[in-house]
Amino acid sequence: MIYSSSYIWSMYKYNNPYKYLISQSIFFIIGLFLIFIIKKIDYNFYKTNANKILLISFILLILVLIPGIGKLRNGSRSWFALGPFGFQPSEFAKLSLIIFTSKYLSNNNDEIRNIKKTILPLLLVISIFFILIMLEPDFGQAFVITLSLISIIFISGTKLSFFIKCFIFCLMGIIALVIVAPYRLARIVSYLNPWVDPLGSGFQIIQSLYAIGPGGLLGLGLTNSIQKHFYLPEPQTDFIFAIISEEFGFLGVLIITSIFFLIFYKSIKISMSSKDLFSKYLVFGLSIEIIIQVILNLSVVTGLIPVTGITLPFLSYGGSSLLVSMISIAIIISVEKNNLSQK
């Protein structure tokens, strides 16, 4: 699907229809190698080194904001240039924060209902990372990370009243973010009615719906998408699901969503069967992060929520996203292997 969705744009931009396919394949091979290594590592290694992993992530997020070090792309300074490739530290931050939060909550389980002593310090750490990612700016990534971490805190047994207050606070924060950045307001307006500005803020969602509509039951067939012919901008990234829907129809959509459901279902089973709190929180956090990203991406593509710039795990073009998703699966596999060895 990377090739099918990108070869038109790749030929136009690089005079090479295989440019995106080759780049993603390299990251995929690296990801397979990492899975082979990481699945053999005892997951307690991450608990022992959680603070160090978080510190490295923090330093990377600082460095990427410095002009000359961080690469500016599409108005966002969120990349390190590594030759022809790029590395997005916010993806690594997602992983490091899930590991740190899992360790923190498992170590403070006895006092988990003491909000001021236990939860507020954790929220301070999350807020610092949220601010750093927003400075890039990357609201979509920051939102996915925050929602994933709040989900882990929720299953830890924290008082429900805390989440009601969090919801009100976050709602006020989102309103403030919209006020200070007019382009976010434009996205909301285009979400409510894309045809208000069909050639501007509403363009992407309109073209996405035009891709999904003709798909029917079985789609137009592999490589036969119309919208990838310079209608839907860079369709290999955030809107690849629209091309999947156009080329494989409802059947393709059903297969893809079923696979994601099975990954989530299997991961939750592994989390529930884990013997210690750290591995329970870790597997749950990694799996809920993937499924939240899937839900948000599909919601954007189908026009259910405003455009947020969130990739579809495993399928969208993007080396950093693919590697982190594959590393997450490798860690979940290592926990499962540990569970089986203890039976």
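Biologist: How many salt bridges does the structure hold?

Modeller: Side chains of opposite charge can pair when their charged atoms come close. In this predicted model a pair is counted when a side-chain nitrogen of Lys or Arg lies within 4 Å of a carboxyl oxygen of Asp or Glu. On that criterion, the number of salt bridges in the structure is five.

Biologist: Which parts of the chain does the pair of lysine 94 and glutamate 289 tie together, and how many residues apart are they in sequence?

Modeller: Lysine 94 forms a salt bridge with glutamate 289, and their closest N and O atoms are 3.1 Å apart. Lysine 94 belongs to helix H5 (residues 89-107) and glutamate 289 to helix H12 (residues 277-301), so the pair ties together parts whose separation in sequence is 195 residues.

Biologist: Which residues are linked with Lys94 in a network of salt bridges?

Modeller: Lys94 pairs with glutamate 289, with 3.1 Å between the closest N and O atoms. The network of salt bridges that links Lys94 also includes Glu289 and Glu91.

Biologist: What is the relative accessible area of lysine 266, which forms a salt bridge with glutamate 336?

Modeller: The closest N and O atoms of glutamate 336 and lysine 266 are 3.2 Å apart, and the pair links helix H13 (residues 319-341) with helix H11 (residues 240-273). Glutamate 336 is partly exposed, with a relative accessible area of 22%. Lysine 266 is also partly exposed, its relative accessible area being 42%.

Definitions and conventions: Residues numbered from 1 in each chain as written. Predicted model: local features only at pLDDT ≥ 70, side-chain atom pairs only at ≥ 80, totals over all residues. Heavy atoms only, no water. Helix = DSSP H or I, 4+ residues; strand = E, 2+ residues; numbered from the N terminus. Buried < 20%, exposed > 50% of the residue type's maximum accessible area, 1.4 Å probe, protein only.
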